[in-house]
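Please examine the structure shown below.

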Amino acid sequence: MLRLRKKQHLVYLLCVWCLVVDLSKAEAEESEGGPMEKTEQTALYSTIQGFVGDSWNGSFLYPDPCGWTPIQGVTCDMYDDHWYVTALSFGTVQENSLACADVPVIRPQLFELKHLKSLSIYSCFTSPNRYLASISDEKWLDLSKSLERLEIRSNPGLIGELPSVITNLTNLQSLVVLENQLAGPLPGNLGKLTRLRRLVLSGNKFTGRVPEVFGLTSLLILDLSRNFLSGSLPLSVGGLNSLLKLDVSNNYLEGKLPRELQSLKNLTLLDLRNNRFSGGITKEIQEMSSLVELVLSNNRLAGDLTGIEWRHLKNLVVLDLSNTGLTGEIPGSILELKKLRFLGLSNNNLGGKLIPQMETEMPSLSALYVNGNNISGELEFSGKFYERMGRRLGVWGNPNLCYNGDKIKNLPFGVNQCKRVKADKY
């Protein structure tokens, strides 16, 4: 009996030992299943320390930076059975981004991450510096085969010019340089980035002309707004056949609206507000039937609205032509815009009457601004229309305009009641 118990105990110990060996082997195999090369890990750690500070050392990570405890703001992928960094996100734009130190530094090791596809830097550089301009061309070129997305947002301390070598990153699909303090001319060879789908360079201090954009046939979004760009809009913009959104607002652009814009058959947003364009609203704009938002306010366009066949722009939801020097009358054909919600015609020289059929023929209209014109006569809208529009009805600043009706609850602001003419008594 004693011998049997010893035998059973021995078998139990043997089973436990086998189980421990199998678990250890499994853990070893799992940890070795996707190791990171030492050079890649060193480059990654140094890059992170440059942005977040030397106090970060990654010692808490096991078994590697891309294993069971991945690093915040770091994305990895497998290549040839090894982990490589494919995306880095610094700043607070996302919950999983790494927070930047008070004085971050872009270390050269960043450019040793040979599989890096995406780099995002948000609100890191607050003290004036020239980090982008100080990085050598050779370093940027090290990312030319891999980088597809570069986003540098909200860095008020980032000054200097946008390095022209960035146009050699020919795999870029998204280039977003938004709300920094970068200045100087835009790189003249942006057309080399033929794979770009999004180009956003707004909210900086860029000067000079808008460069030619030949070759950017895959571009969906072009946003150069809120800079100090001057000169005319290049005719090559008309060749951006895939473009959905074109925004060059808040610059100093001038000249006529290019007729070539009519070639943008997929465009849904055209925003040219706050520039110095002139020469009237080109008739060719009616060929852009896909437009949803057309914003041309605060330009020197002049001319009238009668030459446009508005029925071709039946998808328009927003039409803003305020302060553009328009003359003549509001054409009845504008009633064809059945989807229109916002109509801005304020601060022009428009005359004639305000079309009462806007109330019934434009069922989506919820904001109408014709203030600051020479519109005259009597407003013939119903009380329900005034109630629906509320403060979104701007008709003040038209001295010869009046309304009638004593029981209207929502009186149009800045308009007097029409005077009643009394019959002469004999």
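**The chain, a helix and a sheet**

The secondary structure of the chain comprises six helices and 22 strands; helices (H or I, at least four residues) and strands (E, at least two) are DSSP runs, numbered from the N terminus. The model is predicted: local features need pLDDT of at least 70, side-chain atom pairs count only at pLDDT 80 or more, and totals for chains, interfaces and linings use all residues. Residues are numbered from 1 along each chain as its sequence is written, and side-chain values use heavy atoms, with hydrogens and water left out.

Of the 426 residues of the chain, 47% are buried, that is, under 20% relative accessible area (1.4 Å probe, protein chains only).

Helix α2 covers residues 38-52. Its 15 residues reach 21 Å from the first C-alpha to the last, close to the 21 Å expected at 1.5 Å a residue; the expected span is 1.5 Å times one less than the number of residues. Because 12 of its 15 residues are buried, α2 is largely enclosed by the rest of the structure. Among these buried residues are Leu44, Tyr45, Ile48 and Phe51. The buried residues of α2 pack against β1 (74-79), β2 (82-90) and β3 (118-122). Just after α2, Gly53 adopts a positive phi of about 115 degrees.

Elsewhere, three strands form an open sheet in the order β19-β21-β22, with parallel pairing; two strands pair if DSSP finds at least two bridges between them. The edge strands, β19 (377-379) and β22 (416-417), each pair on one side only. Three bridges join β19 to β21 (residues 401-403) in the parallel sense, and Leu379 stands opposite Tyr403 in β21.

Conventions: Buried < 20%, exposed > 50% of the residue type's maximum accessible area, 1.4 Å probe, protein only. Contact = heavy atoms within 4.5 Å.
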